[in-house]
Amino acid sequence: MALFDTRTESFMPPAPQLYIANALADSTDKNSAVPRVLFAGETHTHPLHHYMQLELIKAVNALDDAPLAIGLEMFHRQHQRALDAFVFGDGSFAALKQRTRWQSSWGYDMSLYAKILSFARRNKIRLVGLNVPYDLVKIVSTYGLAGTPAEYESFLPACVAPLRALMPDMDLGQQPHFDRFVSAMRGAGHNPSGPDGVAALMRSYEAMTLWDEYMAESIAGYMQKPVSGLNPSLYMSCAHAAHDLASSCP
């Protein structure tokens, strides 16, 4: 297994501790109080991706005394109490799955993430839920932002705020972001045509932007007002990172 550095256009050994400190030193001001945010993408079912994510987490945790948090796409922002209970409370995987309704909210085998979650629990590293409730994404994908009916608030889980209160600030005018989305859709075999096809594409784009902006807002909100007064590095496990959140997060 090897890592590819897009800046130097060369492969690197799968040993993050060998280069992560230098990379951070090159990209941050040592006298700056700005928190560090590191992004890592994944294919959700690829075990080697999760292995490398764990190695990155270990490397960042050992880097210095700065507190660390791990942001996760596979948990909603509204799951924070359940995540805190897992890390700082009972530490039960079964309880975590039940409290977050794992099968319906994410659905992939939790064992794929077990080593990362266990490392966080052993080292008392806060896990931070980043994602948007999928019900909201489905509503926007179906009706679009302008057409989302207020009565669909009743379809959201009872534990979350009303529909409009969940919406982040959304910038739909980023042309590079839109172009990447269209390219990805075409690569997946979706080539809309006619007014109905274009309208459906735009609703899908609004839903994807909601997804991206919501998680970016989760990161920014946590970094500004971290739980327990921490000002952490945030490591994010998220497939949206490479194309979307890095450019959206303040």
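This note sets out several points on the structure shown above.

1. Basis of the note. The structure is a predicted model, in which local features need pLDDT of at least 70, side-chain atom pairs count only at pLDDT 80 or more, and totals for chains, interfaces and linings use all residues. Residues are numbered from 1 along each chain as its sequence is written, and side-chain values use heavy atoms, with hydrogens and water left out.

2. Overall composition. The protein has eleven helices and six strands; these are DSSP runs numbered from the N terminus, helices being H or I of at least four residues and strands E of at least two. Of its 250 residues, 42% are buried, that is, under 20% relative accessible area, with exposed meaning over 50% and partly exposed in between (1.4 Å probe, protein chains only).

3. The nonpolar core. In soluble globular proteins, nonpolar side chains tend to be buried together. A nonpolar core is here a set of buried Ala, Val, Leu, Ile, Met, Phe, Trp, Tyr and Cys residues joined through side-chain atoms within 4.5 Å. The largest one has 28 residues, and Phe-75, Leu-96, Leu-117 and Leu-127 touch the most other members. At least two residues each come from strand 3 (37-40), helix 2 (47-61), strand 4 (68-76), helix 3 (80-88) and helix 6 (114-123).

4. Phe-75. Beyond its neighbours within four places in sequence, the contacts of Phe-75 include Leu-83, Leu-96, Trp-102, Met-110 and Leu-117; contact means heavy atoms within 4.5 Å.

5. Helix 6. Ile-116, Leu-117, Ser-118, Phe-119 and Ala-120 of helix 6 are buried. Among the elements covering the buried residues of helix 6 are helix 2, strand 4, helix 3, helix 4 (93-99) and strand 5 (126-131). Lys-124 follows helix 6 and has a positive phi, near 55 degrees.

6. Helices 7 and 10. The axes of helix 7 (residues 134-147) and helix 10 (residues 194-224) come within 7 Å and cross at roughly 150 degrees. Helix 7 is therefore roughly antiparallel to helix 10, a term for angles over 145 degrees, whereas under 35 is roughly parallel, 65 to 115 roughly perpendicular and the rest oblique. Axes are lines fitted to C-alpha atoms, for helices over the stretch in contact, and angles run from 0 to 180 degrees between N-to-C directions.

7. Leu-136. Leu-136 lies in helix 7 and counts as buried because its relative accessibility is 0%. Its C-alpha atom is separated by 9.0 Å from that of Leu-210, 74 residues apart along the chain.
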